[in-house]
Amino acid sequence: MGLLFAKLWSLFCNQEHKVIIVGLDNAGKTTILYQFLMNEVVHTSPTIGSNVEEIVVKNTHFLMWDIGGQESLRSSWNTYYSNTEFIILVVDSIDRERLAITREELYRMLAHEDLRKAAVLIFANKQDMKGCMTAAEISKYLTLSSIKDHPWHIQSCCALTGEGLCQGLEWMTSRIGVS
Ligand code: G3D
Ligand code: MG
């Protein structure tokens, strides 16, 4: 029994969980991805292309796709959606003007059939910038509390120092096996 459990557990743990990192250009997506890589305990070799990386957190493998956020690229985000378990939405907390666009993109994603089961982690990035919006302000503007059909969590962070990133990853690992 113990052995079987251990086997199942290791199978489960070594499963790869697909993550897409989205957000407008300049939000800090690539910086976050590379902070994850620097900080992980076990560093496995990069896979596939330059912006896809495998991150291992406490035996949990995440395959993270850093998707370009420029306007011309946003329409192709949906080609990455299938089998996605987590969406990491990176927000530039100083960019008040474009928060409306982020909001639109968020709700467009949540309505997409392929993301029906995905959990959403929102990083309120660039908290080191003077005059930035707090996670609470961003949460309110994005009306996160109205999202009932997807698990979500907002975390303030600073990708430059890495502050807050671990807490975000911990939330993700805590979601695995829940639903
Ligand atoms: P993107 O991949 O979402 O397009 P990047 O964004 O990761 O390329 O980051 C865009 C710029 O924002 C970079 O600056 C990066 O250093 C900066 N940045 C990312 N995170 C933070 C943060 O938490 N605080 C601050 N102050 N800056 C951040 P450059 O100057 O290289 O374009
Ligand atoms: Mg980038």
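## A guided look at the fold and its ligand

Strands E2 and E3 form a hairpin with two residues between them, and Lys 58 in that turn has a positive phi of about 45°. The model you are looking at is predicted. Its protein chain holds six helices and six strands, and along the sequence they follow the pattern α-β-α-β-β-α-β-α-β-α-β-α. Of the 179 residues in the chain, 47% are buried. The points below start from the hairpin, cross the sheet strand by strand, and then turn to the ligand and a few individual residues.

- Strand E2 covers residues 52-57 and pairs with E3 in the antiparallel sense over six bridges.
- Within this pairing, Val 56 stands opposite His 61 in E3.
- Strand E3 covers residues 60-66, and six of its seven residues are buried, so the rest of the structure largely encloses this strand.
- E3 also pairs with E1, here in the parallel sense and again over six bridges.

- Strand E4 runs from residue 86 to residue 92, and seven of its seven residues are buried, so E4 is largely enclosed by the rest of the structure.
- E4 runs parallel to strand E1 (residues 16-22), and four bridges join the two.
- Val 19 has Phe 86 as its bridge partner in E4.
- E4 pairs as well with strand E5 (residues 119-125), in the parallel sense and over seven bridges.
- For Val 90, the bridge partner in E5 is Phe 123.
- To get from E4 to E5, the chain passes through helix H4 (residues 99-110), and this β-α-β crossover is right-handed.

**Around ligand 1**

- Which residues come nearest to ligand 1? Among the 15 residues around the ligand, these are Asn 26, Lys 29, Thr 30, Thr 31 and Asp 128.
- Helix H2 (residues 29-39) gives the most to this shell, contributing three residues.
- Sorted by class, the shell contains six nonpolar, five polar and four charged residues.
- Lys 29 approaches with its side chain: one of its polar side-chain atoms lies 2.7 Å from an oxygen atom of ligand 1.
- Asn 26 approaches with its backbone, placing an N or O atom 2.8 Å from an oxygen atom of the ligand.
- Ala 27 has a backbone N or O atom 3.2 Å from an oxygen atom of ligand 1.
- Taken alone, ligand 1 exposes 650 Å², and the protein buries 65% of that area.

- Where does Asn 26 sit in the chain? You will find Asn 26 in the loop between E1 and H2.
- Its backbone has a positive phi of about 75°, although Asn 26 is not a glycine.
- Is Asn 26 buried or exposed? Its relative accessibility is 58%, which is over the 50% cut-off, so Asn 26 counts as exposed.

- Thr 143 lies in the loop between helix H5 (135-141) and strand E6 (152-156).
- Phi of Thr 143 is near 45°, a positive value in a residue other than glycine.
- With a relative accessible area of 29%, Thr 143 falls between the 20% and 50% cut-offs and is therefore partly exposed.
- His 17 belongs to strand E1.
- At 3% relative accessibility, His 17 is under the 20% cut-off and so counts as buried.
- The side chain of His 17 makes a polar contact of 2.8 Å with the side chain of Glu 85.

Notes: Residues numbered from 1 in each chain as written. Chains lettered and ligands numbered in written order. Predicted model: local features only at pLDDT ≥ 70, side-chain atom pairs only at ≥ 80, totals over all residues. Heavy atoms only, no water. Near = heavy atom within 4 Å. Polar contact = N/O pair within 3.5 Å; in protein donor to acceptor, adjacent residues only side chain to side chain. Areas by Shrake-Rupley, 256 points an atom, 1.4 Å probe, with all protein chains shown as cover. Nonpolar A, V, L, I, M, F, W, Y, C, P; charged D, E, K, R; others polar. Buried < 20%, exposed > 50% of the residue type's maximum accessible area, 1.4 Å probe, protein only. Pairing = 2+ DSSP bridges. Right-handed = clockwise from strand over helix to strand, strands pointing away.
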